Amino acid sequence: MSRPEYEDILEGKRQYSDLGFSMEAYDPPRYKHCKPRTPEKVKEDVLNSTRVLSVIEQLAAETDQSEDDLLSQARAMVEEMGHNLRMRSIRFFAYFLNKIFKALYKRIYVNGDDLEKLAKMSKDQPVLLLPSHRSYIDFLMLSYVAYCYDFPLPVIAAGADFMGMKFVGTLLRNCGAFFMRRSFGSDRLYWAVFTEYVQTLIRNGDSPMEFFVEGTRSRTSKSLSPKFGLLSAAIEPFLTGSVYDITVVPISISYDRRLEETLYARELLGIPKPKESTSGLVKARSVLQENYGNIHVCFGEPLSVRKLAEGRIDRSVHGLHPRHMSMFTSEEHTFVQHLAHQVILAQQKYMVISPWSLVAAVLSQHPQGLLLKKLVHEVVWLKKQAVGLGAFVNWPAKADPSNIVKSAVELHHHVVTLGADGRVVLNLLSPTRPKMETEMARKHRLMEEAEVRLMVVTGTNQLLHVFVRVALVLMALSKDRSQTRDELFRIFGFLRRLLEKDFIFMPGQDKQDFDTAVQYLSRAHVVEERGGFIRVTDSGKKLQSFLHEMFSPFLLGYWTMCQYLLTASSDDPRGSTTQQLTRGAQDMAATLLTNGLVKRFEILSLDMLGNSITSFVSMGAVKKFKSNGHALFLPVQGEIFSLSKQIETIIAVPDLKTAVQVIPVKSRL
Amino acid sequence: MFSFLSSFSVTMSCASFRRSTNKKDAKSRRFETILGHVSSNDGPKSAPDKGKAQLEMQQCGEVKSVISKHRQEVLKWNGWGYKDSKFIINKKGLAEFVGERYRLSGMVLPSLVTWMEKNTGGDIQHISPAQPERKPEDVPEPVTNEDFLKDVSELDISYSQDPLDREFHAHGHTLHEIFILREGRFKRVPDIVIWPGSHDDVVKVVRLATKHNVCIIPYGGGTTVSGALLCPEEETRMIVSLDMSQMNNILWLDEKNLTMCAEGGIIGQDLERELNLKGFTTGHEPDSIEFSSLGGWVATRSSGMKKNIYGNIEDLVVHVRMVTPRGVIEKNCQVPRMSTGPDIHHVIMGSEGTLGVVTEVTMKIRPLPEMKKYGSVIFRNFEDGVACLREIARQRCAPSSIRLMDNMQFQFGQALKPQAGSIFTSFVDGLKKMYITKWKGFDPNELCVATLLFEGAKEEVLAQEKRVYEIASQFRGLPAGEENGQRGYMLTFVIAYLRDLGLEHYIVSESFETSVPWDRVLDLCRNVKERLTRECHEKGVQFPPMNTCRVTQTYDSGACVYFYFAFNYRGLSDPVHVYEEVENAARDEILACGGSLSHHHGVGKLRKKWLSQTVSDVGIGMMKAVKQYTDPQNIFGSNNLITLEKAKL
């Protein structure tokens, strides 16, 4: 697949009645070996499966529960889980969504030709649809698109938290959603029921299966590290020879503006998320009065699991155990991990970068705002850089760049404003600060400001995956002296390892990533290599400093966590929870910000601070252990200190010694 | 052929095998047989003595074979089966099976051509003729080991260096080999064909070969489909094809123990005919029974279609003598079972001519069954059919044979319907098409058929038949008549001739088999067919291939599945290579789906590359160690199964 060709699916429907649309003939292709079943029959098949029955038998032998009890538990689970995809609901849903989408969005772009090709392929093997997940809308969007294109409607793995929602829960179920509990680690019966449910649907290919490899919605607009459980369960039927092949389709859903933008910003700052409820959705109706611009739904190049596994996996080992016993070899674990990463990288590749993202990236480096003319100039420059790296930017060739920027600003009027003076500024409260302000009030004011700033940050975030590899090279590269390739690679490797939770890198491909990035930078004359030494060129300095600015908040956040771990938590040998650590570090970050020691509000993000812990664990700087079922963390002081020092060689950090009085010593507890 | 007494004795009946000229009385005959047993009990050390005993027993029975010593006199030199039997396209453009040997012989099959054209994209007008009769100068010059030749000529053993004899012994019946016969030439063929007449002859030849470092490839019926008879091209020594066909006597028959002993070269149909005349059968009926030999069955671990009653070769064999370069290997008794370390029979069975040559086999026999009855069941789809076979296997009530054809094969059977003859009424005709398809809702493009063969005492057969049909009805199967069943089995022998017709019209075809646990049968069948279709497409085959399968054996824990596969190769420069790549891919697929490398065809050279993953490296090491001890000079140098490192030899 080269460049996706998009068409707007709303265009034709604006002149057409919603009812007419919902009554259109719908006759999608079907997987050729599928034996049609009702949703009820699927549940029966799950309960009668060897997998479930054998687990029931084992549990009955090991515990004091009777087989009948266990069977009725299993029945309750499958009832709780099961989808109820039915035509009537689909038509209602088509009517309903058509209305809503026409109201919310200007255009919904889909690469229809590729979807039509996929429809043909869906006859030959079961299909997994794996979309990016950045909004609730993702759930509905794919089914809507499928309906428009006469593509079989997917069954969708959804988090069980939706299930509680009256009406919406039922509607989703009737539209093909099935529900999985967020955590069921040790519940063998649940695991068996769930696995069997997923696999029977794939083996028989009743419907394409849709789920989110990222596991949950990305609040930050950056891709999340993939989860492997559901993907493993979904491709196991191929590994055991139960199906010939499985087609995996990475799908990128890109938004100009997400419905939940404000909500997300609050969440990232730790302002609690309301539980999903129908009344919550109704309250959100004011949300529906707004314009949210365009959506791009891109069906990426379909991946054949069989082709990917060729030469890597010996499936015959599964001849040695009954197939209802899941057994993954270490090659298969690695394979699933790589596949998951490959899917996310493909989602990133086909993400459509909205102009807002470029605007936000520029503005986040100019917190005081910019003259429109200057902003446009910078945005155009940035766009060129992004396109050079292969990004798809939604930038109509013939349009006037300043109009594009203006409409992006207009679309995000809740975040930025184009003032009468021609300046584009963030919608911040008055910068004047009362003379006597309590600590609480100061922090409150800080958080309000942070909310707006983080919305700019999430805009920027859509762009980061495009630059991250070259950015890490440029950050590793000194501003004014040349370095050997090996030295550069070492620092690059350090940064890549440090940030691997915040960005998606293919495991084990650090050398390739490095080489590709350096090669790109050389071709673009950003760096030059002479006699084994690499240095940044004069013309490359701008990109270097821009990307340095763009990515340094991550290092600053990680550094803040280091400082927190070094000062506050070192005296508790019992360890702390992630939440305690991130909250504590966030407090410290807030203090640093209110005292003007740092400028970047990104470091308040609990998401980023949480990622730093995960990263420190994998680098051996924090020890993770379990106590009473809770994960607790304990820093290894020496390692943290050394990490902190390494970060300091790359970014500028405040001198805490001169500001020691502002650091709360025990803010954590 | 000599005649048998119509009223044979109910005790030891060795005499029945004698020529009528033999004047010995019953007592002395019995003595001979006992002598045979005693001498066997003497164990391997007493090989010379045993030779003597054997010589005496040999007079016990001499069988005149259907196949002549110079096989090309009776058999096709470049195709399957008898020279006089083949499919042709007659003047009307219809397929006809000529000859007189089979029930289908002389019949016209009006729908076959259309069916072939439809399912392979072929056109009967396009002809790809084979090269004409082989000229002696087309066969490579023999490598001659003069000392060996001199020593052999001094023995009273028949041999030939005639090029046509040598080439006939250079191959089995894989597509690759037949294609070479039709369009090319072998790079390496045996340098001499030797026809030993007895166990002792074999001992002598092997001894001379060892002395002069000459390579031996044993030759039984020549029906191998694993490349086992191909001469290794890199072999620089003289190669002997040791043709066992003249060792085809039934040495004795022991009614008390229900065993018989025959020489390894006897071919299946001769053995069965002679035993049937005596009122017995081995019950071993591989599809190649017309041409394959007893020794070959042992060497490849063969399987017969009636194994449900009689067992496979490993269940039937009671005693084997094999001549190896190290000496003669055999057990010292003929007992039903023993616990004496690893069973050496299991080293011999499946050794594929790499360790030695099987000269004599004692096998179980059974009285001919009182009743033989065919049957068939029609199922809505293959899934139902497999589920039914599984249930029958679970209840262990499988008839003598039960085979399940998929829909494509069912339709193929329809296409083989001749113009006339009651036995050949098509399935659907016989069943009143309307009833099956309209009233019962069977979809002609989904339904499939199981063929059945019951054997035993009358009441047993009838009871078993009832039980099987009852089980079938649980899987929505309907009885479809005896004729359909009989026809299914009859076609087995004729189908082998079809490949030659295909080859005349740009169609290559082959069959391959596997064994697989029950729960994976359907997945394996589906995936292998899918793989065949996709590989053909990817390798540039212009037309969709024909692929079809059937379940031919049922076991407690799994089944044997047989695939037929054909494609039209017009537009391909190297069809055999494409074919081999596709078959290799299909084999990879079988293994990935939990199937075996082979159920009964063996490994030969064709499937060698998968053997170590099949039996583990240690397994290969064990085989090599056995080879190293038994045949350190690699006299039996066919290079089947394992590849030996040159340095060790």
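Surface patches are built from residues with over 30% relative accessible area and no salt bridge, with like charges joined within 9 Å and nonpolar side chains (Val, Leu, Ile, Met, Phe, Trp, Tyr) within 5 Å. Accessible areas come from the Shrake-Rupley method with a 1.4 Å probe. The model is predicted: local features need pLDDT of at least 70, and side-chain atom pairs count only at pLDDT 80 or more. Residues are numbered from 1 along each chain, and chains are lettered from A.

A:F92, A:F96 and A:F167 make up a nonpolar surface patch of about 290 Å² accessible area together. A:F167 sits in the loop between β4 (155-159) and α8 (168-174) of chain A. A patch of negative charge on the surface gathers A:E5, A:E7, A:D113 and A:E116. A:E5 belongs to the segment before β1 (7-8) of chain A; because its relative accessibility is 56%, A:E5 counts as exposed (over 50%).

Strands are DSSP runs of E of at least two residues, and two strands pair if DSSP finds at least two bridges between them. In chain A, an open sheet of 3 strands has the order β15-β17-β16, paired antiparallel. β15 (483-484) and β16 (527-530) of chain A are at the edges with a single partner strand each, so one side of each has no neighbour in the sheet.

| Pair | Bridges | Opposite residues |
|---|---|---|
| β16(A) and β17(A) (533-536) | 4 bridges | A:R530 and A:F533 |
| β1(B) (86-89) and β2(B) (95-98) | 4 bridges | B:K86 and B:V98 |

The hairpin of β1(B) and β2(B) has 5 residues between the strands, and B:G93 there takes a positive phi near 80°.

Technical notes: Heavy atoms only, no water. Salt bridge = Lys/Arg side-chain N within 4 Å of Asp/Glu carboxyl O. Lys, Arg positive; Asp, Glu negative; His and termini not counted. Charge placed at Lys NZ, Arg CZ, Asp CG, Glu CD. Buried < 20%, exposed > 50% of the residue type's maximum accessible area, 1.4 Å probe, protein only.
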